[in-house]
Number of protein chains: 2
Amino acid sequence: MRWLKFTANDKTSWGIVEGDRVVAVDGDPFGEWQRTPRSHPLADVKIELPLMPRTFYCVGLNYLKHLKEAADKRGEVPNVPDRPEIGYRAQNALIAHDEDVVIPATATEKIHYEGELVVVIGKKAKHLTEANAMSCVFGYTIGNDVSERSWQKADRGLWRAKNADTFKPMGPWIETDVDLDKMETIVKVNGKESNRFHTNDMIFGIKPFIAEMTKYFTLWPGDVIWMGTDGASPDLKAGDVVEIEITGIGTLRNRFVKETV
Amino acid sequence: MRWLKFTANDKTSWGIVEGDRVVAVDGDPFGEWQRTPRSHPLADVKIELPLMPRTFYCVGLNYLKHLKEAADKRGEVPNVPDRPEIGYRAQNALIAHDEDVVIPATATEKIHYEGELVVVIGKKAKHLTEANAMSCVFGYTIGNDVSERSWQKADRGLWRAKNADTFKPMGPWIETDVDLDKMETIVKVNGKESNRFHTNDMIFGIKPFIAEMTKYFTLWPGDVIWMGTDGASPDLKAGDVVEIEITGIGTLRNRFVKETV
């Protein structure tokens, strides 16, 4: 099932995507809900951010190629994680499918995409094991972990490098039924493929992350875990359109524009 | 004015603290509100977490003594920040005044408090200057940035060291009228003073932080900025009660207990 948060006729609600239409739903997928008689062509609705997570989790380094390329650029040997350690991103940075990524006026040209699988939590959970980790997962969406690499290098922490307003596109919808091992992540810049990797070729997969995280954290419905990215990005500039497709989910598309202050 | 989120007779609402009573309010302080005829003795209500922030900002190193003590322990020279760089904490870890900090079963004895001034944002804001930075501030509360120092040392990032469930007590209420330069932060463990510092003796104060942050981030009503701490903490153990008083605001009190899994 494919859950979409959308606005039509000035009303924002959840809906279920069926082919090229969305059927409006009363309630929300994390609680009580029921189908309504209202439906709209998908092309006619405004796609909204699926949700504002309570806690916004994100894995930093979870694919070997990305790790190696990042280390090479620093002239270092890759420091491969030996256990699943989670990081965070900031809610202010989230935007929806088709909304613009605004490159800050003071940013350098080192603006990069990172196409990521996003796990959406559906149930309150603590102390899960790898055997029952997936019981708290509601579905999957797509994230673009936009990064300003010169800030990433210069700053203490990732605050503006990763969390500037609009740097975290997420969407377009949440797909509940996927085959993780068959998924590919394909990134296109202005329609041209620039990156492709097997989505589930992670150093640590979803189960070990959830098992480790829930030793310490309660996961809540609507929390998201961005699972990291593979490969590298070209420098992006104003006018570029980045599309991140994950097979079985869909395509997250955002245009990059320059901030005008 | 002193804003309290509380529960009485199974109803949770905002209220205004007046002496030793709380007057219930319809609505909330960030939008429309009005006083009701209902009031309760403060001692009879359950004090709730004032709010769940959209983004949970926290300054890591913002007082010279804390910085020096941390560096000394590592056998390093203090690396004093040369600009206001913000960090983050995780929402899952927040608890209210008088709720228990649960020391995870796997934690070491290196459990420390950090008493912090918390700035509560009241208005959506971007691109503020030091001159108008305070226009977005609603009020102030108190935070205890509980930390497990062995994890802080061993891990990539601060995930479980700072963000384990219950590691972020915040409250008891939000005070809108303070004199920052007169405030002292006083920490007591089991009633005995263990730390005292001038709250506003920060390396970078609230204005430079808000000015720098809003170059990149939109602040939203209910966002919080924890401003860092001074000094050091003894190792805390199950049964200890930590009280953090900030003069002009009040006292945040939490008992530490051991997790039983």
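A polar contact of 2.9 Å joins the side chains of A:Asp155 and B:Arg83 in this predicted model, where a polar contact is a pair of N or O atoms within 3.5 Å, one able to donate a hydrogen and the other to accept it within protein, with residues adjacent in sequence counted only if both atoms are side-chain atoms. Between chain B and chain A, the count is 28 residue pairs in polar contact, both at pLDDT 80 or more. Because the model is predicted, local features need pLDDT of at least 70 and side-chain atom pairs count only at pLDDT 80 or more, while totals for chains, interfaces and linings use all residues. Residues are numbered from 1 along each chain as its sequence is written, chains are lettered from A and ligands numbered from 1 in the order in which they are written, and side-chain values use heavy atoms, with hydrogens and water left out.

- A:Asp155 is placed in the loop between helix H2 (149–154) and helix H3 (159–163) of chain A, helices (H or I, at least four residues) and strands (E, at least two) being DSSP runs numbered from the N terminus.
- With 10% relative accessibility A:Asp155 counts as buried, a term that means under 20% relative accessible area, as against exposed at over 50% and partly exposed in between (1.4 Å probe, protein chains only).
- The side chain of A:Asp155 also makes a polar contact of 2.7 Å with the side chain of A:Arg160.
- Apart from neighbours within four places in sequence, A:Asp155 is in contact with A:Arg160, B:Arg83 and B:Glu85, contact meaning heavy atoms within 4.5 Å.

**Interface of chain B and chain A**
- In the interface, 34 residues of chain B are in contact with 34 residues of chain A.
- The two chains bury about 3,000 Å² between them, 49% of it on carbon and sulfur atoms, buried area being the accessible area (1.4 Å probe) that two parts lose on being put together, summed over both.
- On the chain B side, B:Arg156, B:Trp159 and B:Tyr216 lose the most area to chain A, together 28% of what that side buries.
- The rule finds 4 salt bridges across the interface, each a side-chain nitrogen of Lys or Arg within 4 Å of a carboxyl oxygen of Asp or Glu.
- B:Asp165 and A:Lys126 meet through their side chains in a salt bridge (2.9 Å, N to O).
- Helix H2 (149–154) and helix H3 (159–163) of chain B each supply at least two residues of the side that touches chain A, and H3(B) gives the most to that side, with 3 residues.

**A:Gln91**
- A:Gln91 lies in the loop between strand E7 (87–88) and strand E8 (94–95) of chain A and, at 3% relative accessibility, counts as buried.
- Not counting residues up to four places away in sequence, A:Gln91 touches residues of both chains, among them A:Phe56, B:Arg54, B:Thr55 and B:Gln91.

**Helix H4 of chain B**
- Helix H4 (residues 206–213) of chain B is mostly covered, with 7 of its 8 residues buried, including B:Ile206, B:Phe209 and B:Ile210.
- The cover over the buried residues of H4(B) includes H3 of chain A together with strand E6 (56–58), strand E11 (115–121), strand E12 (137–144) and strand E17 (224–226) of chain B.
- B:Ile210 touches residues including B:Ile121, B:Leu128 and B:Leu219, not counting residues up to four places away in sequence.
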